[in-house]
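Reader: Hi, I'd like to walk through this model with you. Could we start with the terms you use?

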Amino acid sequence: MKNDVKLTVQLRPLLPFVRSHLWQVMGIVVFVSLQVVGNILLSKGLGQALDAGLASNMTAFNTGILIVLAAWFSSDVGFFLRSVLSGRMAEHVTYSIRESATKHLAAVKVSELRNTHSADYVSRLSNDLNLVRSLLALELQFFVRAPLQCLLSFGYMLLISWK
């Protein structure tokens, strides 16, 4: 519980930079949803194709294979578009943070800058921004995907058999 609060406090300074890219975050949610729905439909299509193949029902088998191909395609399209969108957002946000930090450092008095070694500033602008870029480009989708996959999978299981 204490780590959750600490993480929230640590991520709070990112909000003003991410807030200007809210439409991209919503796009990421949509494309992750497309990916999750594709994965769920993949299991439905495989099950249908397998059942139809065992029953020698070629029409249902072909329908199952088409569902598998469509689900596979939608999942891959969702993955690709999510990757492109999250990568672009991460680059824009890190650029904005770097620009803001540079403006801040340019406005600070030289006497205040002497208290900290210049390598510390360089390290923060490179290493920390790489971590932010990684968070936004790669990890953000997991924060969205895991709960969405649980909810949609549970909903699909209820649809198949609520008992």
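Author: Happy to. Buried means under 20% relative accessible area, exposed means over 50%, and partly exposed lies in between (1.4 Å probe, protein chains only). At 40% relative accessibility, Glu91 therefore counts as partly exposed.

Reader: Thanks! And where does the model come from?

Author: This is a predicted model, so local features need pLDDT of at least 70 and side-chain atom pairs count only at pLDDT 80 or more, while totals for chains, interfaces and linings use all residues. Residues are numbered from 1 along each chain as its sequence is written, and side-chain values use heavy atoms, with hydrogens and water left out.

Reader: Good. Which residue meets Glu91 in a salt bridge?

Author: Arg133 does, with 2.8 Å from N to O. A salt bridge here is a side-chain nitrogen of Lys or Arg within 4 Å of a carboxyl oxygen of Asp or Glu.

Reader: And how many salt bridges does a search of the whole structure find?

Author: It finds 1. Arg133 lies in helix α6 and Glu91 in helix α4, so the pair ties together parts that are 42 residues apart in sequence. Helices are DSSP runs (H or I, at least four residues), strands likewise (E, at least two), and both are numbered from the N terminus.

Reader: Is Arg133 buried or partly exposed?

Author: Partly exposed, because its relative accessibility is 21%.

Reader: Now the packing. How do the axes of α4 and α6 cross?

Author: They come within 9 Å and cross at roughly 155°, which means that α4 is roughly antiparallel to α6. Axes are lines fitted to C-alpha atoms, for helices over the stretch in contact, and angles run from 0 to 180 degrees between N-to-C directions. Angles under 35 degrees count as roughly parallel, over 145 as roughly antiparallel, 65 to 115 as roughly perpendicular, and the rest as oblique.

Reader: Which hand does the crossing of α4 and α6 have?

Author: α4 passes α6 in a right-handed crossing. The term left-handed applies if the near helix is turned anticlockwise from the far one by less than a right angle, and right-handed if clockwise.

Reader: What about α3 and α4?

Author: Their axes come within 7 Å and cross at roughly 160°, so α3 is roughly antiparallel to α4. The crossing of α3 and α4 is left-handed.

Reader: And α3 with α6?

Author: Helix α3 (residues 22–54) and helix α6 (residues 118–160) pack at about 40°, with axes 9 Å apart. That makes α3 oblique to α6, and this crossing is right-handed.

Reader: Where is Ser56?

Author: Ser56 sits in the loop between α3 and α4. Ser56 has a positive phi of about 60° although it is not a glycine, and at 60% relative accessibility it counts as exposed.

Reader: Switching to the surface: which residues form a nonpolar patch?

Author: Ile65, Leu66, Leu69 and Trp72 do, with about 420 Å² of accessible area together. Patches take residues with over 30% relative accessible area and no salt bridge, joining like charges within 9 Å and nonpolar side chains (Val, Leu, Ile, Met, Phe, Trp, Tyr) within 5 Å. Accessible areas come from the Shrake-Rupley method with a 1.4 Å probe, and for residues only the protein chains shown count as cover.

Reader: Which helix holds Leu69?

Author: Leu69 lies in helix α4 (residues 58–107), and its relative accessible area of 45% makes it partly exposed.
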